[in-house]
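Please keep the sequence and the structure in view while reading.

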Amino acid sequence: MRKKLLAANWKMYKTPDDCRAFVRDFLPLIANPGRDEIVLCPPYVDLHATLEAVKGSGLCVGAQNLHWEKEGAFTGEVSRVMLVALGVTHVIIGHSERRQYFAETDDTVNRKLESALEAGLAPIVCVGEVLEEREAGLTDDVLRRQCTRAFSGISAKKAEKLVVAYEPVWAIGTGKTATPQIAASAHLVIREEAVEAFGAEFADKLRILYGGSVKPDNVKSLMAEPEIDGGLVGGASLDPKSWSAIVNY
Ligand code: PEP
């Protein structure tokens, strides 16, 4: 049995005070603390406040990005060393918004993945097709390419904490959700790529999350699909009530 992971991606929303208030309101609403791994991913400037607020609760805090170098002349960037020093345990890598608006490529995703694993962070690597690719029947090819390149040169031993999120780009922030069947078939492709890269035993344990308009009213059917090991949630994670309705699926 793979422990489910539910991650909130707060994108470029919330100030430190907003994060503190969110945690205060959200904690009493969790029905089964400890059942699943719950991760809050606020903007960098909110990490400290969020880490302080979740202390002792069992919640984890993740970043939304990192640079692949340990340090250097990279204005505006943040490294694994800085994240670990703060107490951050997870990091989202290669989100489609980073690929779309900030020119991230399969190669930078690979470098960031290596960097995160090097530091002992649990990376949540995002993969997924855009609508045109799905309509052209290219979904499996796109997932295979993204996974092969992301995993390139990384050993199973090093990849132990790896988590993958299948995020069809046409479902992110659009209110369109993949059916559990669509997600499951994509997850199987990703799992096959994990077998290729890391072996069957590793792939069997690998958690593959679904992301794309997960909401309180669709989370139950998604989480009931055995191939779906959790969710990466944007919009519906911003409010403590709707996020608690999701984690209490
Ligand atoms: C995301 O940001 O990863 C995401 C899935 O967003 P939303 O839940 O809003 O579609």
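Which of the 14 residues around the ligand come nearest? They are Lys-11, Glu-167, Gly-173, Ser-213 and Gly-234; a residue counts as near if one of its heavy atoms lies within 4 Å of the molecule. The model is predicted, so local features need pLDDT of at least 70 and side-chain atom pairs count only at pLDDT 80 or more, while totals for chains, interfaces and linings use all residues. Residues are numbered from 1 along each chain as its sequence is written, and side-chain values use heavy atoms, with hydrogens and water left out.

**The ligand site**

The shell around the ligand has four nonpolar, eight polar and two charged residues. In this classification Ala, Val, Leu, Ile, Met, Phe, Trp, Tyr, Cys and Pro are nonpolar, Asp, Glu, Lys and Arg are charged, and the others, Gly among them, are polar. The table lists polar contacts, that is, pairs of N or O atoms within 3.5 Å.

| Residue and atom | Distance to an oxygen atom of the ligand |
|---|---|
| Lys-11, polar side-chain atom | 2.8 Å |
| Ser-213, polar backbone atom | 2.8 Å |
| Gly-235, polar backbone atom | 2.8 Å |

On its own, the ligand has 290 Å² of accessible area, and the protein covers 98% of this; such areas come from the Shrake-Rupley method with a 1.4 Å probe.

**The cysteines**

The structure holds zero disulfides, a disulfide being a pair of cysteine sulfur atoms within 2.5 Å. For Cys-126, the nearest cysteine sulfur is that of Cys-41, 9.4 Å away. Cys-126 is buried at 2% relative accessibility, and Cys-147 is buried at 0%, where buried means under 20% relative accessible area (1.4 Å probe, protein chains only).

**The aromatic rings**

A pair of aromatic rings is described by the distance of the centres and the angle of the planes. The whole structure contains six aromatic pairs, with ring centres within 6.5 Å; planes under 30 degrees apart are stacked, over 60 edge-to-face and the rest tilted. One of the pairs, Phe-22 with Phe-26, is tilted, at 5.6 Å centre to centre and 35 degrees between the planes. These two residues are four apart in helix α1 (residues 16-26), and therefore separated by about one helical turn. Phe-22 is buried at 3% relative accessibility, and Phe-26 at 0%. Ring pairs also link Phe-22 and Phe-26 with Trp-10 and Trp-243 into a cluster.

Definitions and conventions. Polar contact = N/O pair within 3.5 Å; in protein donor to acceptor, adjacent residues only side chain to side chain. Buried < 20%, exposed > 50% of the residue type's maximum accessible area, 1.4 Å probe, protein only.
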